[in-house]
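Trainee: Could you take me through one part of this model up close? Pick a spot and stay with the side chains.

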Amino acid sequence: MKRLLAVSLAACALACAERYDPKNDPNATPPSEAIPDIDAIPGVQCETDGGLMRKIVMANGTVFCIDVFEAGLDDGARGNAFQATLDTSDTTDGSTTARAVAGLQIAPAAGVSFYQAKAACENAGKRLCTQAEWERACRGPNALIYPYGDAMDEKACNGFFNYSTSNPLLTGSLDTCGSDFGVFDMSGNLSEWTSTKAERIPGSGVLNDRAVRGGSYNGNNVALRCVGEEYRDAPFNAPADRGFRCCL
């Protein structure tokens, strides 16, 4: 009985321990610094949105623009989480009057459904990015696994291993979490909706989910990758760690 109690206490010491806080560790690596201003953001600017979009060239030569950061929302209504008659439809019902806004050191919109994200981008004169566009912006011209390279860096972006004390972080809080195209926060912070449809049940042929990319502040090393076919969700779901960004 004593042996069982000792084993239980040892297990709880591991499982019940508080999350590691680097502020209490004198040997912790200093955190990354926030991006100081818009002019410090690399990449090719698009001629729109005050320098807060970057020009991305696809492998086939087509060009599009993408927000440098995850989108925030203005004071308009978020609207209904589920706006279509069927979840295979992308139709929105007009209940979302909020407009997507981009900016440095703003709070990204969290707990957003696909329909709300799609409508907010359109209200701002933009659109929700496709999966292929999102992945290209994240992976860069060299098709990296993470925005910053092929090997996981636990401190580069705001995933589970970064141990941030407040989530999500303001946009541009980690200058190490950028892709070679100059797009930031695509790994961690908030997982992001794309406009690309996906099967909820593989092989069913029914495209009722939407592809989600990038992982969030809860994401592990797999979820934080720029790619991952397994990541999708029902378009009416609005998890607390789900956000979006817009393309043009």
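**Around one glutamate, then the rings**

Mentor: Let's start with Glu 133, which is in helix α3 (residues 131–139); helices are DSSP runs of H or I with at least four residues, strands are E runs of at least two, and both are numbered from the N terminus. Bear in mind that this is a predicted model, where local features need pLDDT of at least 70, side-chain atom pairs count only at pLDDT 80 or more, and totals for chains, interfaces and linings use all residues. Residues are numbered from 1 along each chain as its sequence is written, and side-chain values use heavy atoms, with hydrogens and water left out.

Glu 133 counts as buried, at 11% relative accessibility (buried is under 20% relative accessible area, exposed over 50%, partly exposed in between, with a 1.4 Å probe and protein chains only). Its side chain gets to the backbone nitrogen of Thr 130 at 3.0 Å. Leaving out residues up to four places away in sequence, Glu 133 touches Met 58, Phe 64, Arg 127 and Cys 247, a contact being heavy atoms within 4.5 Å.

Now the rings: Phe 82, Phe 114, Tyr 115, Trp 193 and Phe 236 are linked into a cluster by ring pairs (Phe, Tyr or six-membered Trp rings with centres within 6.5 Å; planes under 30 degrees apart are stacked, over 60 edge-to-face, the rest tilted). Phe 114 and Tyr 115 pair edge-to-face, 5.3 Å centre to centre with 70 degrees between planes. Tyr 115 is buried at 0% relative accessibility, whereas Phe 82 is partly exposed at 36%.

Terms used
A polar contact is a pair of N or O atoms within 3.5 Å; within protein, one must be able to donate a hydrogen and the other to accept it, and residues adjacent in sequence count only if both atoms are side-chain atoms.
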